[in-house]
Amino acid sequence: MTASRYVDFAVREARGVSPLYERLCLAIARDDDLLALLETVPADKRQPNLLLGVVRLLGGTVERFEAFHDFTVANWPAVEAGLRSRATQTNEAGRCALLLPVLAGLPQPLALLEVGCAAGLGLYPDRYAYRYRGHRIGTGEPVLDCDLTGAEPPDRRPEVAWRAGLDLNPLDVTDPADLAWLEALIWPEHRHRRDRLRAAAAIAAADPPLLVRGDLVDDLAALAARAPADATLVVFHTSVLYQVPPARRTAFADLVRSLPGHWISVEAPDVLPLGDLPAPPDGALHNVLALDGRPLAWTRGHGQGMVWW
Ligand SMILES: C[S@@+](CC[C@H](N)C(=O)[O-])C[C@H]1O[C@@H](n2cnc3c(N)ncnc32)[C@H](O)[C@@H]1O
């Protein structure tokens, strides 16, 4: 089970995106020592991204499997503590390129409320620049590249009147420890994503969002009630619901449908009931972009591409 999870991650998420992680996860899947250690933590703490991020945060290497193995075994108490206390909180500003085609078409201005916001870097779609297959929108850094097919690229950035985030553990981009965790979660070869994180963090630090510690079911309605009434409320989330138990996902979907405004989700196809979906473009893991529960496009994990239906 744990082994197949690492193989699946290697083949469907890392292949073609991070050769280092692909090789490493295939090797972990064959290693009895590491599998036995992983079996000692709860199933949701055995996630490849979490293990790799924790080991890198502790100073371990992911370049060579033997060194990774020896570091992880020798430092298991610290690795285990990291797995138990942390969750994957990758905060990828690039996912705003997936939201923009929908955000640009809604009545402006917008009141953005992101659930599972991590450090809130998804709350600045109006400040980033975009390049959809050469079609440029906006100026400055970071520039979010997205290989969009099947739809015309958006022609404007949204107007944002209010931005707020909700997370079980909000991160602060001005705190060096939080920034180190966010960097450890970026895959090793992805220098462009590290540059993007720093550029997006500078934008957030200059105009910090309202970030609230809380649960996406228990605390959403109270935060939504703080949004200005003269803006279109947009509740959105990207790569969050896989961390939420199924019954709570259903409660969340029911709740968000009861709120005014719109709901945008970018999530794995198995976490929300979205009806029949067309076949994905290939065997890689694709998420589904949906507006108000209506599926619209397949999307890649870090915002690097989307196929509109
Ligand atoms: C993988 S991160 C994605 C962060 C951000 N949405 C992005 O795409 O860059 C998932 C985030 O969801 C948060 N989260 C998980 N369960 C949650 C819950 N029940 N309520 C609020 N936030 C939650 C985690 O703390 C984490 O920051």
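Is arginine 133 buried or exposed? Arginine 133 is exposed, at a relative accessible area of 59%. Here buried means under 20% relative accessible area, exposed over 50%, and partly exposed in between, with a 1.4 Å probe and protein chains only. This is a predicted model: local features need pLDDT of at least 70, side-chain atom pairs count only at pLDDT 80 or more, and totals for chains, interfaces and linings use all residues. Residues are numbered from 1 along each chain as its sequence is written, and side-chain values use heavy atoms, leaving out hydrogens and water.

**Around the ligand**

- The ligand has 20 residues around it, and Gln89, Arg95, Gly116, Asp167 and Thr238 come nearest. A residue is near if one of its heavy atoms lies within 4 Å of the molecule.
- This shell holds 6 nonpolar, 9 polar and 5 charged residues. Asp, Glu, Lys and Arg count as charged; Ala, Val, Leu, Ile, Met, Phe, Trp, Tyr, Cys and Pro count as nonpolar; the others, Gly among them, count as polar.
- A backbone N or O atom of glutamate 92 sits 2.8 Å from a ligand oxygen atom.
- For threonine 90, a polar backbone atom is 3.2 Å from an oxygen atom of the ligand.
- Glutamate 114 places a polar side-chain atom 3.3 Å from a nitrogen atom of the ligand.
- On its own the ligand has 600 Å² of accessible area, and the protein covers 96% of that. Such areas come from the Shrake-Rupley method with a 1.4 Å probe.

**Helix α11**

- Helix α11 spans residues 246-258. Helices here are DSSP runs (H or I, at least four residues) and strands are E runs of at least two, numbered from the N terminus.
- Arg249, Phe252, Ala253, Leu255 and Val256 are buried in α11.
- Down the axis of α11, the buried residues fall within an arc of 165 degrees, so they line one face of the helix. The arc is that of the directions from the helix axis to the C-beta atoms.
- Ala247 and Ser258 are exposed, on the face of α11 turned away from its buried side.

**Backbone geometry in loops**

- Most residues other than glycine have a negative phi, and most peptide bonds are trans.
- Arginine 133 has a positive phi of about 50 degrees. Its loop runs between β2 (129-132) and β3.
- Aspartate 292 also has a positive phi, near 50 degrees. Aspartate 292 is partly exposed, at 36% relative accessibility.
- Glutamine 108 and proline 109 are joined by a cis peptide bond, with omega near -5 degrees.
- The bond between glutamate 141 and proline 142 is cis, with omega about -5 degrees.

Note on methods:
Polar contact = N/O pair within 3.5 Å; in protein donor to acceptor, adjacent residues only side chain to side chain. Expected span 1.5 Å × (residues − 1).
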